[in-house]
Amino acid sequence: MDHPINDLVARMLESYAECGGIKHLNGASLPSKNAVAALTEDLLQLIFPGFIADGGELELNLEKETAVQIIDLQERLEREIAKSLEARPIANETALSLTLSFLRQLPDLRCVIQTDVDAAFNGDPAALDQEEVVLAYPGIEAVAVFRMAHVLEGMGVGYLPRMMTEWAHGRTGIDIHPGAEIGTHFFIDHGTGVVIGGTTKIGNRVRLYQGVGLVARSLAKHVERDEQGLAIGGKRHPTIGDDVTIYANATIVGSDTTIGDRTIIGGNVWLTRSVPADSVVFFEAQQVSIHPRQRMAGDWII
């Protein structure tokens with residue numbers, strides 16, 4: 001007697017054959033989503049020792065614990081990078097050389113991330129101390145993951161950078177492409193819904209609020225791609241100068257849009273052209289009307 005799921009198994013196998021683009025059963029191995037998620041979380045623990053997991057007596061055994069963490073991360077990261085190299089090889093590089101190059105950049109990267117923590121603490125009167133910023137601010141987590149992923153992206157490592165930033169996106173609601181270039185002292189306040197495209201350039205001491213989009217114009221239906229399937233083209237996203245503040249739900253569009261230094265972009269602004277330094281941008285025609293409420297037959301009306 002046939003098992004009741006036999007027909008379902010056959011139909012699933014047919015779908016694997018017919019819809020080949022959403023399966024990967026043959027050829028090069030691919031990085032594991034679960035493994036990269038765990039790696040990203042453990043890398044954050046190395047960046048913020050004692051914050052992500054229980055610190056315990058970490059300070060008493062800091063040298064030993066740090067060595068154990070790095071050795072473990074090296075082995076696991078090398079494994080996932082090796083998988084990415086099978087699909088997207090990099091000339092004259094091995095998984096080991098790339099892994100060691102990445103890990104050696106973490107000390108300097110921590111100093112840059114410290115500037116982001118400083119910016120959040122100094123820029124938010126509600127922050128009680130820097131410990132609270134690291135523990136509770138989603139922008140710090142998203143930016144820290146971005147900065148690590150950006151290093152891997154710059155080295156040409158496939159898959160992992162996007163997987164890392166999408167892991168952070170899922171946790172924080174903040175979507176930063178690892179190809180973006182972001183200066184020091186970067187602060188995303190609140191953060192939910194922020195989108196930063198892959199060729200965006202952001203200067204130093206920039207602050208974004210929730211819902212800000214730094215995005216490209218719509219691409220043509222047919223995009224030219226290289227032999228690895230990556231889109232070919234130059235800059236697609238805006239450039240943001242130093243000391244710029246962009247308020248909630250503003251959208252800045254296009255590669256030729258540059259926001260000058262020390263400019264303030266108001267909330268809900270849709271901007272497709274450049275703005276000179278020391279400007280304030282807002283919808284001048286917008287008005288808010290306030291009227292007294294009236295009550296009729298037990299219901300509130302306007």
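**Reading salt bridges, burial and packing**

Biologist: Is Arg-147 buried or exposed?

Modeller: Arg-147 is buried, with a relative accessible area of 6%. Buried means under 20% relative accessible area, exposed means over 50%, and partly exposed lies in between (1.4 Å probe, protein chains only). This is a predicted model, in which local features need pLDDT of at least 70 and side-chain atom pairs count only at pLDDT 80 or more, while totals for chains, interfaces and linings use all residues. Residues are numbered from 1 along each chain as its sequence is written, and side-chain values use heavy atoms, without hydrogens and water.

Biologist: With which residue does the side chain of Arg-147 meet in a salt bridge?

Modeller: The general idea is that side chains of opposite charge can pair when their charged atoms come close. The cut-off for a salt bridge is a side-chain nitrogen of Lys or Arg within 4 Å of a carboxyl oxygen of Asp or Glu. Here, Arg-147 pairs with Asp-116 at 2.7 Å, N to O. Arg-147 lies in helix α7 (residues 138–155) and Asp-116 in helix α5 (residues 106–123), so this pair ties together parts that are 31 residues apart in sequence. Asp-116 is also buried, at a relative accessible area of 1%.

Biologist: How many salt bridges does the structure hold, and how many helices and strands has the chain?

Modeller: There are nine salt bridges in the structure. The chain has eight helices and 16 strands. These are DSSP runs numbered from the N terminus: H or I over at least four residues for helices, E over at least two for strands.

Biologist: Which residue forms a salt bridge with Arg-205?

Modeller: The partner of Arg-205 is Asp-243, at 2.7 Å, N to O. This pair links distant parts of the chain: Arg-205 is in the loop between β5 (201–202) and β6 (207–208), and Asp-243, 38 residues away, is in the loop between β8 (239–240) and β9 (245–246). Arg-205 is partly exposed, with 41% relative accessibility. Asp-243 is partly exposed as well, at 30%. As for shared partners, salt bridges join Asp-42, Asp-72 and Arg-76 into one network.

Biologist: What does Asp-243 touch, leaving out residues up to four places away in sequence?

Modeller: A contact here means heavy atoms within 4.5 Å. On that basis, Asp-243 touches Asn-204, Arg-205, Val-206, Arg-262 and Thr-263. The C-alpha atoms of Asp-243 and Arg-205 are separated by 4.8 Å.

Biologist: Where is Tyr-209 found, and is Tyr-209 buried or exposed?

Modeller: Tyr-209 is in the loop between β6 and β7 (213–215). Its relative accessible area is 13%, which means it is buried. Beyond its neighbours within four places in sequence, its contacts include Asp-189, His-190, Val-194 and Thr-245. From Tyr-209 to Ile-188 the C-alpha distance is 5.8 Å, and the two are 21 residues apart in sequence.

Biologist: How do I check a helix, and what should the 13 residues of helix α8 span?

Modeller: The expected span is 1.5 Å times one less than the number of residues. For α8 (residues 160–172) this gives 18 Å, and the end C-alpha atoms are 18 Å apart, which agrees. Just after α8, Gly-173 has a positive phi of about 80°.

Biologist: Which residues of α8 are buried, and what do they pack against?

Modeller: Those buried in α8 are Leu-160, Pro-161, Met-163, Met-164, Thr-165, Trp-167, Ala-168 and Thr-172. They pack against α2 (33–47), α3, α7 and β1 (175–176).

Biologist: What share of the chain is buried?

Modeller: Buried residues make up 37% of the 302 residues. Among contacts with a separation of 6 or more, residues 24 or more positions apart account for 46%.
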